[in-house]
Amino acid sequence: MLKTLVYDGGCPFCEAFALRSELKGGIPDLLIRDGRLDHELRNDLRRRGFNLSQGAVLIDGDQIWHGSKAISVLCSQLKPSDPLLALLNGLFGNSKRASFLYPGLLAARQLALTLKGLPVDPDRA
């Protein structure tokens, strides 16, 4: 079944993780979508209570995960052929560890977006 990872393409960390996950993550049928560019998808997710400014979204059929849970679920399914993904799999594949570490990722994302002159919330562009 097709899984979709919606990430913030304005964030260099998010983009690198998403592209690596797609190319080297070993998850069949993983589709990545840049939520910053895909206004319709982002608005649909926001209406359903998933704000991209608060983290990535993973969709698998009717199931949707957001933020640390999305990254934890995705990382736990990785079969990485890439050393960085193997590290992230170890760090974020556990949901408790992911929820503890995820605020650090959000802070790094905020810093990167600020340095690029982009708003943290894509809807406030």
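How many salt bridges does a search of the whole structure find? The search finds 10, a salt bridge being a side-chain nitrogen of Lys or Arg within 4 Å of a carboxyl oxygen of Asp or Glu. The model is predicted, so local features need pLDDT of at least 70 and side-chain atom pairs count only at pLDDT 80 or more, while totals for chains, interfaces and linings use all residues. Residues are numbered from 1 along each chain as its sequence is written, and side-chain values use heavy atoms, with hydrogens and water left out. Helices (H or I, at least four residues) and strands (E, at least two) are DSSP runs, numbered from the N terminus.

**Helix H1**

- Helix H1 covers residues 12-24, and its 13 residues should span 18 Å at 1.5 Å a residue; the expected span is 1.5 Å times one less than the number of residues.
- The end C-alpha atoms of H1 are 17 Å apart, which agrees with that span.
- Phe 17, Ala 18 and Ser 21 are buried in H1, where buried means under 20% relative accessible area, exposed over 50%, and partly exposed in between (1.4 Å probe, protein chains only).
- Seen down the axis, the buried residues of H1 fall within an arc of 95°, so they line one face of the helix; the arc is that of the directions from the helix axis to the C-beta atoms.
- These buried residues pack against strand E1 (3-7), strand E2 (30-34), helix H3 (68-77) and helix H4 (83-92), with contact defined as heavy atoms within 4.5 Å.

**Helix H2**

- In H2, the buried residues are Leu 41, Arg 42 and Leu 45.
- They cover an arc of only 100° around the axis, which puts them on the same side of H2.
- Glu 40 and Arg 47 are exposed on the other side of H2.
- The partners against which the buried residues of H2 pack are E1, E2 and strand E3 (57-60).
- Gly 49 follows H2 and has a positive phi, near 95°.

**Salt bridges**

- Arg 47 and Asp 44 form a salt bridge through their side chains, at 3.9 Å from N to O.
- Both residues lie in helix H2 (residues 39-47), three residues apart, about one turn of the helix.
- An α-helix has 3.6 residues a turn, so residues three or four places apart point the same way.
- Arg 47 is exposed, at 64% relative accessible area, whereas Asp 44 is partly exposed, at 27%.
- Asp 44 also meets the side chain of Arg 48 in a salt bridge, at 3.3 Å from N to O.
- A salt bridge of 3.4 Å, N to O, joins the side chains of Asp 121 and Arg 124.
- Asp 121 counts as buried at 10% relative accessibility, while Arg 124 is exposed, with a relative accessible area of 66%.
- Asp 121 and Arg 124 belong to a network of salt bridges that also links Arg 42, Arg 46 and Asp 123.

**Largest pocket**

- The volume of the largest pocket is about 420 Å³.
- Of its 20 lining residues, Phe 13, Cys 14, Phe 17, Ile 71 and Leu 105 are the closest to the centre.
- At least two residues of the lining come from each of E1, H1, H4 and helix H5 (95-116).
- H5 gives the most to this lining, with five residues.
- On a 1 Å grid over the protein atoms alone, a cavity is a set of points where a 1.4 Å probe fits but cannot get out, and a pocket is an open set with protein on both sides within 12 Å along at least five of seven lines; lining residues have an atom within 4 Å of a point.
- Grid points are joined across faces, edges and corners, and a volume is the space filled by probe spheres set on the points.

- Leu 88 lies in helix H4 and is buried, with a relative accessible area of 18%.
- Not counting residues up to four places away in sequence, Leu 88 touches Phe 17, Cys 75 and Gly 93.
- The C-alpha atoms of Leu 88 and Ala 98 are separated by 9.8 Å, with the two residues 10 apart along the chain.
- Ser 72 is in helix H3 and is buried, at 3% relative accessible area.
- With residues up to four places away in sequence not counted, Ser 72 touches Phe 92, Gly 93, Asn 94, Ser 95 and Ala 98.
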